[in-house]
Amino acid sequence: MQIYLPIAEMSANIVTLIGMGGLVGFMSGMFGVGGGFLMTPLLIFIGIPPAVAVASEANQIVASSVSGGLAHWQRRAVDIRMGLILMSGGIAGSYAGVQLFKLLRALGHVDLLISLSYVIFLSVIGGLMLRESLHAIRETRRGRPIRVRRPGQHSWILRLPLRMRFRQSRLYISVIPPLLIGFLVGVLSAIMGVGGGFIMVPAMIYLLRMPTNVVIGTSLFQIIFVTSAVTILHAVENQTVDIVLAVLLMIGGVIGAQFGAIVGQRLRGEELRALLALIVLGVASKLLLDLVFQPEELFSIQRMGTGS
Amino acid sequence: MTHKTLLFRCVLGLLGMMGTIPTAHANALVADLSKDQIRVASNFTGEKILLFGAIETTATQGASDVVVVVRGPAENFTLRQKKRVAGIWVNAEALTLGPLPGYYAVASTRPLDEIAPVSERAKHEIGPENLRFNLLEDIAQKPDSAAHPDDGTQAEDGALYHDSFVRIKSQQKLYSVDPTGVRIIGARLFRAELTLPSGLPFGTYITEFFLFQDGRVIGYQTGELSVEITGLEHLLQVAAHDMPLLYGLFGVFIAGVMGWGVATLFRRV
């Protein structure tokens, strides 16, 4: 059954879109990740214009992060003050990201920006995750307890000026690092159509030293607002948010995530992470190959309106 | 029937301009469409239209041919060419062409080159290769004119870009040439079936019917066809462009409601 996507200006199969939402939602529930970094490339692979894929996926993530964040909120596992600081940086970052996006779109380079960002981030994250999970698997096979790696001391970063007390996280640190982290994630969110949890969560644990029990909730809290800002900014600046597409992905995504979470609890953590790492590296390779090999069609058309 | 009167005046005016066609043959061709409005809703996957009419061939020598052209609203298009830079393929050069129709279909009783000489086809813009367009300066891309020093390369580039434009549009089924798409029935009636694909540009389309004899146009009629987006899709498309802030807020609102709704639902189950 076909449906017309009014902003993408193309017809797509409803079952395919809901199915993709469900599959990625299932994986995100199973692995405990957002899923934007898998969904946006998949949308591009089925022919959705990359700029529309990014903006509409940001819109979908609003739904999945509200859905996931609600439970953490009710358990009071959200550091609201930290969330607001990260969010301020994030909204500034998403503004910068959308402006960059708009500029490169006018120059015809936005597809390249999206692909390159994905290739770089997916390779790094996938590579690190694969190494870490393979190491963990080897250690458990040998019967050794997994050593929790103590990251190096970064405390000088946290002792920068403008310190603030974060009661929920039991921290008294400078607001500069969380503002910068928020900014960076905001830029990535605008360019890649992701929530950015894959950067935010490690940064909160290793750089900001936040206690793990508030990390996921706080990350989701700020993702809700930053992806909302990204959605609104893309709608205003680029008119690339396809609500029909986003809603179809939401339907599949939120339902898939619920089932994924159930399955995920029955599987071994490190093997799960190795599997996710392989999927991430697979997507990165496909995007890289598409950039390296000569495309069948060297020309592309962009409608410019009647502009007299 | 003001519509028909207007059409008739158009035909007369056009015939007058062409001069060579005797006015006695003004009604050598009468044609119409099966529908004059296409509504694109969420389930739109393309639609067939029937173009039909009658011809009157007084001259006995020489075969009569009918050519039917449907063209969508004209727009400007930026074409970008990918080149390899540092091992990856990136958009390197761009040209803006226009105005060109966003949709163009031609159907005929025989291959076009058998019906009329190039000059005649070019005059009536019959066939995608005969569409007239301008090379427009690319506002964003080319602050330096050094990339295109003289008009010769400009024209060459124009042809290359135009060929590529037609090729891509044909792949998208938005440009088509059907050399056997028009059937003549009993030397008097003709019919052509055209399948409009999904992804049609919206606006007013122009239909043109030509009656050719001995390589010359002896009958002509033109008409209109409107392609409109309707329903929720229409509302969303208008809102996205005219009220983008409200549209964005609406997207966020829906996402919030859906996320909250599903989370609540699953907790109860």
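I looked up strand 4 of chain B (residues 64-71) in this predicted model. 8 of its 8 residues are buried, so strand 4 is largely enclosed by the rest of the structure. Buried means 20 or more other C-beta atoms within 10 Å of the residue's own, with C-beta atoms placed from the backbone. Strands are DSSP runs of E, at least two residues, and helices runs of H or I, at least four, numbered from the N terminus.

I checked both faces of strand 4. B:Ser64, B:Val66, B:Val68 and B:Val70 are buried on one side, and B:Asp65, B:Val67, B:Val69 and B:Arg71 on the other.

Next I took its partners; strands pair if DSSP finds at least two bridges between them. Strand 12 of chain B (residues 203-213) runs antiparallel to strand 4 over 8 bridges. There, B:Arg71 has B:Ile206 as bridge partner. Strand 7 of chain B (residues 104-108) is also antiparallel to strand 4, with 5 bridges. B:Val67 stands opposite B:Ser108.

I then turned to chain A, which has 11 helices and 5 strands. Its helix 11 (residues 269-292) has buried residues including A:Arg273, A:Leu276 and A:Val280. The buried residues of helix 11 pack against helix 1 (14-31), helix 2 (36-45) and helix 5 (110-141). Packing rests on contacts: C-beta atoms, placed from the backbone, within 7 Å.

Residues count from 1 along each chain as its sequence is written, and chains are lettered from A and ligands numbered from 1 in written order. Local features need pLDDT of at least 70 and side-chain atom pairs 80 or more, while totals for chains, interfaces and linings use all residues.

Methods. A residue is buried if 20 or more other C-beta atoms lie within 10 Å of its own, exposed if 12 or fewer, and partly exposed in between; C-beta atoms are placed from the backbone. Two residues are in contact if their C-beta atoms, placed from the backbone, lie within 7 Å.
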